[in-house]
Amino acid sequence: MKSLKNWILMMIAFMGVQSASAQMRSPLSVNVDYSIAQPLGSLKDYTDKTSFRGWRAGLQYQLNDQLAIGIRSGYQEFFQKLPRAVYPIKGGEISAVQTRTLQVVPILATVQYQLTKPDAKVIPYVGLGAGAANMEYNKYYGEFSDKYTGWQFMATPEVGINIPFGQGSPLLFNASIQYTYSPYKIQEITNYNVVQANVGLRLHIN
Amino acid sequence: MYLMSASLILTASISSCSKDPLKNMTDEESRIYVTNRADSVDFTTYATFSIADSVAVISNTSNDRRELTDYDKKLIADVSAAMVAKGYKLIARTGKPDLAVNLTRIDNTYSSVYYDPGYWSGIGGYYDPFYWGYGGYGYYWPSYYQVYQKERAVSIDLIDLKNPKNNQLVAIWNAMLRGSGVWNINNVDSMVTAVFAQSTYLKTSN
């Protein structure tokens with residue numbers, strides 16, 4: 001939480017000096033993306049279905065023409081229903097239809113480096129996010145749930161492009177691919193590995 | 001700062017996007033069939049059984065009683081047939097059977113009071129061990145018996161009549177039918193078939 005406090009203080013400070021730097025777009029932007037995520041590794045043993053239920057949103061502040069910092073959150077839900085089967089339990093068996101869900105809500109500090117100047121028609125970038133994620137693991141046996149919630153560290157490198165809608169436009173199209181890792185361990189999951197694709201918009205607002 | 005608040009509200013509303021696994025779940029999918037066994041018991045050492053002539057109904061809203069509805073008759077017939085198919089011979093209660101089969105419908109729907117099988121044994125209306133020829137005995141419910149709350153369930157218990165311990169009859173196997181529709185006569189066949197099929201150790205030496 002200390003780093004979050006620092007981030008907010010930095011943010012306020014940068015807002016104060018924004019007029020000092022002559023930039024093509026205002027430095028503060030918001031972004032919203034739709035996300036599709038594919039589980040990898042042991043997460044695949046729990047649910048191997050691609051998740052089409054996800055989004056992310058963030059705020060970003062441009063420190064100069066190429067470097068920006070920000071904060072980002074979002075949501076991704078993994079879901080898989082397995083036909084009725086018999087599972088061993090301690091001292092017996094259980095016959096059930098299993099519904100496996102994992103809901104992930106990250107809160108990340110981000111840094112982004114744009115590989116071209118802001119007047120380019122296509123602005124490729126690389127980024128890194130790090131922070132914590134709220135994980136809600138819920139495995140249903142029939143209508144009975146076996147649920148675990150908790151927070152875990154999360155890191156996520158990303159590559160992507162921004163395409164302005166016209167030169168100097170404050171509105172940009174965004175497309176990116178990110179890899180997300182979290183040392184999350186619960187039941188059959190030994191860590192959280194996901195490749196995620198995002199498409200959305202970025203709007204410079206202030 | 002209003003943007004930060006907006007993003008916080010966005011984050012707070014995240015959970016509303018989740019898919020509820022309990023919606024669109026059929027009654028069949030909602031049900032689970034749990035079987036528990038005493039580890040130390042060799043089920044091939046038993047040859048004969050007898051089954052209760054009615055079903056105990058225990059409830060947290062009305063007095064416990066025995067009933068013989070069409071559902072109960074079907075449950076008695078199906079469980080008897082399943083035991084016979086496993087190789088056990090059905091004999092009269094007075095013929096000193098090795099195993100007793102107790103059947104119980106549990107109705108805990110109207111409160112969330114925890115329910116522990118040990119609690120039934122003291123209740124009039126539940127099978128007094130006298131019914132099995134053991135006047136003055138109690139039942140012993142080993143730790144593998146589980147605790148349920150706030151639902152309707154059906155319990156099938158196998159009681160060892162051959163080896164009473166310290167004036168107690170030991171329950172050596174239990175099947176618990178839980179979920180929606182467990183008290184529906186149309187589901188008795190599939191539920192009883194499932195619990196006996198998944199208990200592969202339940203067989204005679206024949």
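How many bridges join strand 2 (residues 53-62) of chain A to strand 3 of chain A? The first legend below gives the count; every view is taken from a predicted model.

**View 1. Strands 2 and 3 of chain A.** Ten bridges join strand 2 (residues 53-62) of chain A to strand 3 of chain A, and the two strands run antiparallel. They form a hairpin, with four residues between strand 2 and strand 3. Within this pairing, A:Arg53 stands opposite A:Glu77 of strand 3.

View 2. A:Glu77 lies in strand 3 (residues 67-89) of chain A. The residue is classed as buried because its relative accessible area is 2%, under the 20% limit for that class. Its side chain is joined to that of A:Gln103 by a polar contact of 3.3 Å. In strand pairing, the residue opposite A:Glu77 is A:Arg53.

**View 3. Strands 3 and 4 of chain A.** Strand 3 and strand 4 of chain A pair in the antiparallel sense over 19 bridges. A:Gly70 stands opposite A:Thr110, which belongs to strand 4 of chain A. The two strands form a hairpin with two residues between them. In the turn, A:Gly91 has a positive phi of about 75 degrees.

**View 4. Strand pairing between chain A and chain B.** Strand 4 (residues 92-114) of chain A is also joined to strand 1 of chain B, by four bridges. These strands run antiparallel. In strand 1 of chain B, B:Thr35 is the bridge partner of A:Glu93.

**View 5. Interface of chain B and chain A.** The contact involves 31 residues of chain B and 35 residues of chain A. About 2,800 Å² of area is buried between the chains, with carbon and sulfur atoms giving 65% of it. The rule finds eight residue pairs in polar contact across this interface. On the side of chain B that touches chain A, the elements giving two or more residues are helix 1 (2-12), helix 2 (27-30) and strand 1 (32-37) of chain B. Strand 1 of chain B gives the most, with six residues. By residue class, this side of chain B divides into twelve nonpolar, eleven polar and eight charged residues.

**View 6. A salt bridge between the chains.** The count between chain B and chain A is two salt bridges. B:Glu28 forms a salt bridge with A:Arg84. The closest N and O atoms of this pair are 2.8 Å apart.

Technical notes: Residues numbered from 1 in each chain as written. Chains lettered and ligands numbered in written order. Predicted model: local features only at pLDDT ≥ 70, side-chain atom pairs only at ≥ 80, totals over all residues. Heavy atoms only, no water. Contact = heavy atoms within 4.5 Å. Buried area = accessible area lost by both parts, 1.4 Å probe. Salt bridge = Lys/Arg side-chain N within 4 Å of Asp/Glu carboxyl O. Polar contact = N/O pair within 3.5 Å; in protein donor to acceptor, adjacent residues only side chain to side chain. Nonpolar A, V, L, I, M, F, W, Y, C, P; charged D, E, K, R; others polar. Pairing = 2+ DSSP bridges. Buried < 20%, exposed > 50% of the residue type's maximum accessible area, 1.4 Å probe, protein only.
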